[in-house]
Amino acid sequence: MSESEVITRIENGVGRITLNRPKAIHALNRPMCEAMIEALLAWRGDDAVQSVLIDHAGERGFCAGGDIRMIAESGAGDASEAKAFFRTEYQLNHLLFVYPKPITAVVDGIVMGGGVGISEPADVRIATERTTYAMPETGIGLFPDVGGGWFLPRLPGQTGVWLALTGARLKAADTVALGIHTHFVASEAVESLKTELLAASADPKAVADRAAGDAGPSPLAPHREAIDRLFAFDTVEEIVAALQADGSEWAQKQLDILKTKSPQSLKVSLRQIRTGATLTDFADNMAMEYALGGRVVQTHDFQEGVRAVIIDKDNAPQWSPAELSLVSGAQIEALFAPLPADEAWKTLTG
């Protein structure tokens, strides 16, 4: 049992899912997503299960994302394996989002990409002082998927756009202030918190409310006005121009960060978030991201981003196009085109 990459069991009325791939910081693969789906479906109609707890083994982090090497290798070919992974992962994201029983995610340590996708739909999202949250996809030629198009535009002001474009890393004081996570609990109290959650399966929020402490002042707070003002535009070029015109040290730092990101990814991500803000059904967002993901993983920038950041680790990607002005509207339109009905993403129930 301990060798499974996901451990699922029922403990005192709580369906417990423990990510158990610590050497890879629990990076998600398709069998892991399938195991979680199987358990969640079994528990959905089981009266013996009153709530769900998602946690992780080891101390390195909750979940660093998806299995990017596999996705890149597949994208270099016909992308069939990458698409199969996305289909299953997004079905898991949606199942968590619509789940009829309360879900608690204990996000102690690194939570990025795919880890955000399985924790953000939870009703109770607990961060610790070890939590580091980010959606860093523009740095590898991707976009903030796993529901980023839904969750990011629903954060306060333009913070979701800023997070998506810059890939900024946040600690708990900021994630709790923004509502990304609902509670702060010191890491040393996490095990006793889990014990309490398992003893009060029907009301995890009440347990978290009692256990929660103060995450401290938000380091981002002084920059919130600038973020809302400078990242409010509908084109990346306008955001860049606003940052340049602002002239502050903080704005210059954001400009320098954006210059390292894939121009194509920046444009894709901004459109994804602006589109996601208009949607009324989480499933529609996931269908958009599935169509987008299957195409983006086959692009030069994703292949080059993975090479530079994950494989060769030279952190010197050669983006193509290398300038925002050279990424055409037609290119972006093609990436966002809906899939034919027989290829489109569907929820588990439809």
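**Entry 1. A starting question**

Does Glu-304 count as buried or exposed? I looked up its relative accessibility, which is 11%, and Glu-304 therefore counts as buried. The cut-offs I use are these: buried means under 20% relative accessible area, exposed over 50%, and partly exposed in between, with a 1.4 Å probe and protein chains only.

**Entry 2. What I am working with**

This is a predicted model, in which local features need pLDDT of at least 70 and side-chain atom pairs count only at pLDDT 80 or more, while totals for chains, interfaces and linings use all residues. Residues are numbered from 1 along each chain as its sequence is written, and side-chain values use heavy atoms, with hydrogens and water left out.

**Entry 3. Salt bridges**

Side chains of opposite charge can pair when their charged atoms come close. I count a salt bridge where a side-chain nitrogen of Lys or Arg lies within 4 Å of a carboxyl oxygen of Asp or Glu. My search of the whole structure found 19 salt bridges.

**Entry 4. Glu-304 and Arg-307**

I returned to Glu-304 and found that it forms a salt bridge with Arg-307, with the closest N and O atoms 2.9 Å apart. Both residues belong to helix α15 (residues 300-311); because they are 3 residues apart, about one helical turn separates them. Helices here are DSSP runs (H or I, at least four residues), strands likewise (E, at least two), and both are numbered from the N terminus. Arg-307 is partly exposed, at 22% relative accessible area.

Within it I examined Glu-191 and Lys-194, whose closest N and O atoms are 3.6 Å apart. Both lie in helix α8 (residues 190-199), 3 residues apart, about one turn of the helix. Glu-191 is exposed at 51% relative accessible area, whereas Lys-194 is buried at 7%.

**Entry 5. Glu-333 and Arg-271**

Which salt bridge partner does Glu-333 meet? I found Arg-271, at 2.7 Å from N to O. The pair links distant parts of the chain, 62 residues apart: Glu-333 is in helix α16 (residues 329-336) and Arg-271 in helix α13 (residues 263-278). Glu-333 is partly exposed at 46%, and Arg-271 is partly exposed at 28%.

**Entry 6. The record**

In UniProt I found the feature "domain: Enoyl-CoA hydratase/isomerase" at residues 14-336, from an unreviewed entry. Its positions are given in the numbering used here, feature names are shortened, and annotations may be inferred rather than shown by experiment. Over residues 14-336 I recorded 51% helix and 10% strand, with the end C-alpha atoms 40 Å apart.
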